[in-house]
Amino acid sequence: MEGRGTRSVEEIFEDFKSRRAGIIKALTTDVEDFYRQCDPEKENLCLYGLLNEKWEVNLPVEEVPPELPEPVLGINFARDGMQEKDWLSLVAVHSDTWLLSLAFYFGARFSFDKTDRKRLFNLINELPTVYEVVTGAAKKQVKEKSSVSNNSGSKSKSSSKARAPETQSRQPKAAVQPKDEEEGLEEHDEDEHGEAMCGACGDSNGADEFWICCDICEKWFHGKCVKITPARAEHIKQYKCPSCSSNKRAR
C-alpha cells in the first residue's frame, strides 16, 4: 500500500476495514490462539491487523522512528495480571487507537484536505469500534436504537427463520404453548435481534444468512464466522461462542 504516490479516501477506508477485521478475529473467533501467543515470558509483543483480514502477534519493528504508526507494546505482559475479558477489552481499545492513527497517518501523508479527512472519519465512525464489538456494547446500542425506532424490518423475519433450528432444539419437548403466545414470543424475538451485530465481524448485514446466539454472553454470530452450520446447530443444546469457551480454560 505504501508504494504508490496517492491514495483515495475509499482506499484508506478499505485498508482500515481489513486491518480491523483481522483484529476482531484475534479477539473473538481466534481468541484461544491469540491468548496462547501472548506469552508473558516473551518480549514486548504487539497485535497487528493485516491487509488480508488476518492478524499477527509479533515484536515491534526495530527502526526508530518506525515508517508507520505502531500498535501498543507489551500486550502480553498484562495477560495474566487481570481477568481475560478485561485484558481483551484493554487490547481492543488500544487497537482502536492504532487503527485510527494509521488511517489518519495516511490521510496526512497523501495530503487529504479538510473535506477528505472528515469523509474518512465519517466512514470509520459508521462502524462499531473493536472495543464495542469485543465488549458487546455494539449489540446493546443497536438494541436501544431498535427499540426507539420500533422497526424490525424484513431482516428480522428472515433471520428468525434462519435461527429457528437452533432455538427450537433448546425448547423442552414437553412444553406446548398456545398459538397466540407463540406468535407473541416470535414477534418479541424479531424486535430484539432483528438489528443485532455479529460478535465476530461486527457487521449487521447478512439478513438471509444463518445466525446463532451464544447462551452465555447472548451475543449473535454469523454461522460462517464461528463455523457453525444450521445442521450442526440442531444438535447443540447449549451454544458457547469461542470467547466464552475460552473462559473455562485453566489459568
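The following legends describe close-up views of a predicted model.

**View A. Packing of helix α1 against helix α4.** Two packed helices are described by the angle between their axes and the distance between the axes. Here, the axes of α1 (residues 9-27) and α4 (residues 114-125) cross at roughly 35 degrees and come within 10 Å. The crossing is right-handed. On the α1 side, the contact involves Val 9, Glu 10, Ile 12, Phe 13 and Phe 16, which meet Asp 116, Arg 119, Leu 120, Leu 123 and Ile 124 of α4. Sorted by class, the residues of this contact comprise seven nonpolar and three charged, with no polar residues.

**View B. The second largest pocket, between domain 1 and domain 2.** Domain 1 (9-144) and domain 2 (198-250) both contribute lining residues, so the pocket lies between them. Its volume is about 550 Å³. The lining consists of 24 residues, and those nearest the pocket centre are Ala 21, Glu 53, Cys 201, Asp 203 and Cys 225. Helix α1 makes the greatest contribution to the lining, with seven residues. By class, the lining residues are ten charged, eight nonpolar and six polar.

**View C. The cis peptide bond between Val 64 and Pro 65.** Most residues other than glycine have a negative phi, and most peptide bonds are trans. The bond joining Val 64 to Pro 65 is cis, with omega about -5 degrees. Pro 65 belongs to the loop between β2 (55-58) and α3 (84-109).

**View D. The backbone at Glu 218.** Although Glu 218 is not a glycine, its phi is positive, at about 65 degrees. Glu 218 is located in the loop that lies between β3 (211-213) and β4 (220-222).

Key:
Residues numbered from 1 in each chain as written. Predicted model: local features only at pLDDT ≥ 70, side-chain atom pairs only at ≥ 80, totals over all residues. Heavy atoms only, no water. Axes fitted to C-alpha atoms, helices over the stretch in contact; angles between N-to-C directions. Helix = DSSP H or I, 4+ residues; strand = E, 2+ residues; numbered from the N terminus. Left-handed = near helix turned anticlockwise from the far one by under 90°. Contact = heavy atoms within 4.5 Å. Nonpolar A, V, L, I, M, F, W, Y, C, P; charged D, E, K, R; others polar. 1 Å grid on protein atoms, 1.4 Å probe; cavity = no way out; pocket = protein on both sides within 12 Å on 5 of 7 lines; lining within 4 Å. Points joined across faces, edges and corners; volume = space filled by probe spheres on them. Domains from an automatic or database assignment.
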